[in-house]
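Dear colleague,

I am passing on the structure we talked about, and below it you will find my notes on what came out of it. Please read them with the model open beside you.

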Amino acid sequence: MLVSALLMSVGINSCLCVLLFILYSILRKQPHNYEVFLPRRLVAGTSKRRRNKVARYIPSVRWIWKSWRPSEEELMASSGLDGVVFMRMITFSLKVFLFAGIIGVFVILPVNVFGDQLTQINYSDWLWVHFGAIYLVTAFVCCLLYLEFRYIGMKRIEHFHSSKPQPNQFTILVRNVPSSDGATVSDTVDRFFRENHSSTYLSHVVIHRTSKLRSVVDNAKKLYKKVHHKKQADPQRVKKTPMRFFSRKDTPEGHYEKVLQELEHNIRLGQAEVSSPGKEVRAAFVSFKSRYGAAMALHMPQSVNPTYWLTEPAPEPHDVHWPFFSASFMQKWLSKIVIAFACLILTALFLVPVVLVQGLTNLSALEYFFPFLTLILSMKIVSQIITGYLPSLILQTSLKIVPPIMEFLSSFQGHICHSDIQKSACNKVIWFTIWNVFFATVFSGSAFYKLSVILDPKEILFKLAVAVPAQASFFIAYVVTTGWTDTLTELFRVVPFMVSYVKRSLEPTEEEFEVPPMRYHRDTPRVLFFGLLGITYFFLAPLILPFIFLYFVLAYIIYRNQFINVYEPKYETGGMFWPMIHYTMIFSLVLMHGIAIGLFALKKMELATYLLIPLPVFTLLFNEFCRKRFMPIFTAYPAEVLTKRDREDQNDPRMGEFYDNLVSAYQDPALRPLRFSGSRNDSLTSPLLSSTSSEV
């Protein structure tokens, strides 16, 4: 029954893949879909309007070749180092499962098919084949991890050398500025750094409490953009002549300008209020004349009292997450506890769809609890859909809401930049997925049974050795249904496509178009989880390996297409997602070792069990070696790299202008001067509804 359901699931998803590829090749050619499928090219002006309408409806696979063609250097130039790291994760997985697939399909699978070593409890010599395969794959994965960690570290240095000077390279964040009698925070910061960093100190920007003011500014900007787009869409409506100069007060545009003028006045009053003494946060962005000077201030204790003048790296100016600068230490501490508790509640609530999924895979249980469904469930086609396709579909749908929830929770943990929020959310989603999809599914049963497994650690390896192989069919179906369709859904961009269709059906609006950023916290955990499934099951159910490999082939083609045509980098972490990827792969290896040890112990292979025990120890030692060897490059740039760039900048005539901009680069957007009406000609200060003619 399970095999036939699996075959049906493979057939359905294979047909779905072909149909979606054909449909995508047609839809991406339609001009009204460029905002969905080609937003980067649309903004860059490189999307071609097809004059031949017939050609728009002819399927084509040229987009696959175009996605395959760009080199890694071109990908880095267009999508940053984070995009390169994401694609290296996929190519790493392709190498791993090509090697593991050859061993699994051509060696282990025939042994499993023609032998009974996995079903019999007693000793079997054929299990030594599995023993050797575990050692081979572990050695291969560790070698690749070492090479990739070293490669990404070198790419990080290369990216630093090739990039233009960035404000965050010259700036640090200083917290817990001590109070001084009769001196403001700004005066204290300026005096301290002039005395202790006189040769490198450049300027500083004190942080203010602007949470309430920021919401007013954001609303004013939205209203301005709305009216500005209406003016551009129909300029004749706001055109004024000398004879009707005062008629604008009777028009909607005149009303909007009056509202904007009031908002502008309120914003100026609010800016003056939050800039007054007492509204400052005891923190500041401090900028230096060189990268080396900023690094020295960052890594050197600034005071004999270690609780004062705390330093940390500054993010890029547009990456700063301003709301939590106004939070007190107690608020941040409480928020971390509340977020941890919320994550536990979410984990517990997610057991509901997991239990539902496991119930669908057990037809006898369904017939027992719902006897009126017995006749329907006896139909072969219905039973195959329910046991093979529907469980994975329910689990996939439930997982869709997890990344945005984790991102929302991470935004309240006190992170100072959006990229840190994404990294925190990514880490939460990874472990949430591993626990709720893998372990909760493997230990299918009541919540009390899952708790008993955790409370009895001595038996956990034996329970894993029994439970993991029993769920092999489910996870093979999960790879085919969730993996393949999820990747193709990413290509099709279902939600943005539906939103675009609804907007076209309604009254057209002239909203500002923005190229979407890549959601690493959504896609990275998904790819890593399929890697965990492949490593865990490669010696237990090698039939999963071809489907895992095909998943990564699809992911390679589709995500390269998305990086080139869809996603634009919004924040740059400098490859900081790779350590997270590395540690997850190490965890997958150790998990596979634990299952293998439990399995060989159950098969009464004492020698193989003892010989496998050092393997997870060596893997963890290898991980510690990589952490000591490569993580310093991800934590901070070496002094020789910083000084080399500083020497190069001395001969750059553009550095004077850069330093002038650096002084105000970290000014809070809520405190920047805004003008929605007047006589200046820049975007936010030009007269919004002024006459289109020169006469007044």
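Most residues other than glycine have a negative phi. Please keep in mind throughout that this is a predicted model.

A second residue with a positive phi is Arg493, where the angle is near 50° and the residue is again not a glycine. Arg493 belongs to the loop between α20 and α21 (494-505), and with a relative accessible area of 11% it counts as buried, since buried means under 20%.

For the protein as a whole, the secondary structure comes to 28 helices and 4 strands. The chain has 696 residues, of which 50% count as buried, and the accessible surface comes to about 34,600 Å², with 64% of that surface belonging to carbon and sulfur atoms.

Ile172 is placed in strand β1 (residues 171-175) and is buried, at 1% relative accessibility. Its C-alpha lies 6.5 Å from that of Leu298, although 126 residues separate Ile172 and Leu298 in sequence. Leaving out residues up to four places away in sequence, Ile172 touches Ala284, Phe285, Val286, Phe288, Ala294, Ala297, Leu298, Thr311, Glu312 and Ala314.

Ser67, in helix α4 (residues 62-68), is likewise buried, with a relative accessible area of 3%. Ser67 and Tyr559 are 492 residues apart in sequence, yet their C-alpha atoms are 8.6 Å apart in space. Once neighbours within four places in sequence are set aside, the residues in contact with Ser67 are Ile557, Arg560, Asn561 and Ile564.

Ser411 lies in the loop between α16 (402-410) and α17, and at 16% relative accessibility this residue also counts as buried. Beyond residues up to four places away in sequence, Ser411 touches His321, Phe324 and Ile421.

The remaining notes concern helix packing. Two packed helices are described by the angle between their axes and the distance between the axes.

Which helices does α17 pack against? One of them is helix α20 (residues 472-492), which meets helix α17 (residues 418-442) at an angle of about 155°, with the axes 11 Å apart. Since angles over 145 degrees count as roughly antiparallel, α17 is roughly antiparallel to α20. The contact is made by Val437, Phe438, Thr441 and Val442 on the side of α17, and by Phe474, Phe475 and Tyr478 on the side of α20. By type, these residues divide into 6 nonpolar, 1 polar and no charged. The crossing of α17 over α20 is right-handed.

Another partner of α17 is helix α22 (residues 520-537), and here the angle is about 35° and the axes are 9 Å apart. This crossing too is right-handed. In the contact, α17 contributes Gln422, Ala425, Cys426, Val429, Ile430, Thr433, Ile434, Val437 and Phe438, while the residues from α22 include Tyr520, His521, Leu528, Phe529 and Tyr537. The residues of the contact between α17 and α22 divide into 14 nonpolar, 5 polar and no charged. Val437 and Phe438 of α17 take part in the contact with α20 and in the contact with α22.

Finally, helix α6 (residues 127-162) packs with helix α27 (residues 639-649) at an angle of about 15°, with their axes 10 Å apart. Angles under 35 degrees count as roughly parallel, so α6 is roughly parallel to α27. α6 passes α27 in a right-handed crossing, and the contact involves Ile157, Phe160 and His161 of α6 together with Val641, Leu642, Lys644 and Arg645 of α27. The residues of this contact divide into 4 nonpolar, 1 polar and 2 charged.

Terms used:
Residues are numbered from 1 along each chain as its sequence is written. This is a predicted model: local features need pLDDT of at least 70, side-chain atom pairs count only at pLDDT 80 or more; totals for chains, interfaces and linings use all residues. Side-chain values use heavy atoms; hydrogens and water are left out. Axes are lines fitted to C-alpha atoms, for helices over the stretch in contact, and angles run from 0 to 180 degrees between N-to-C directions. Helices (H or I, at least four residues) and strands (E, at least two) are DSSP runs, numbered from the N terminus. Angles under 35 degrees count as roughly parallel, over 145 as roughly antiparallel, 65 to 115 as roughly perpendicular and the rest as oblique. A crossing is left-handed if the near helix is turned anticlockwise from the far one by less than a right angle, and right-handed if clockwise. Contact means heavy atoms within 4.5 Å. Ala, Val, Leu, Ile, Met, Phe, Trp, Tyr, Cys and Pro count as nonpolar, Asp, Glu, Lys and Arg as charged, and the others, Gly among them, as polar. Buried means under 20% relative accessible area, exposed over 50%, partly exposed in between (1.4 Å probe, protein chains only). Accessible areas come from the Shrake-Rupley method with a 1.4 Å probe; for residues, only the protein chains shown count as cover.
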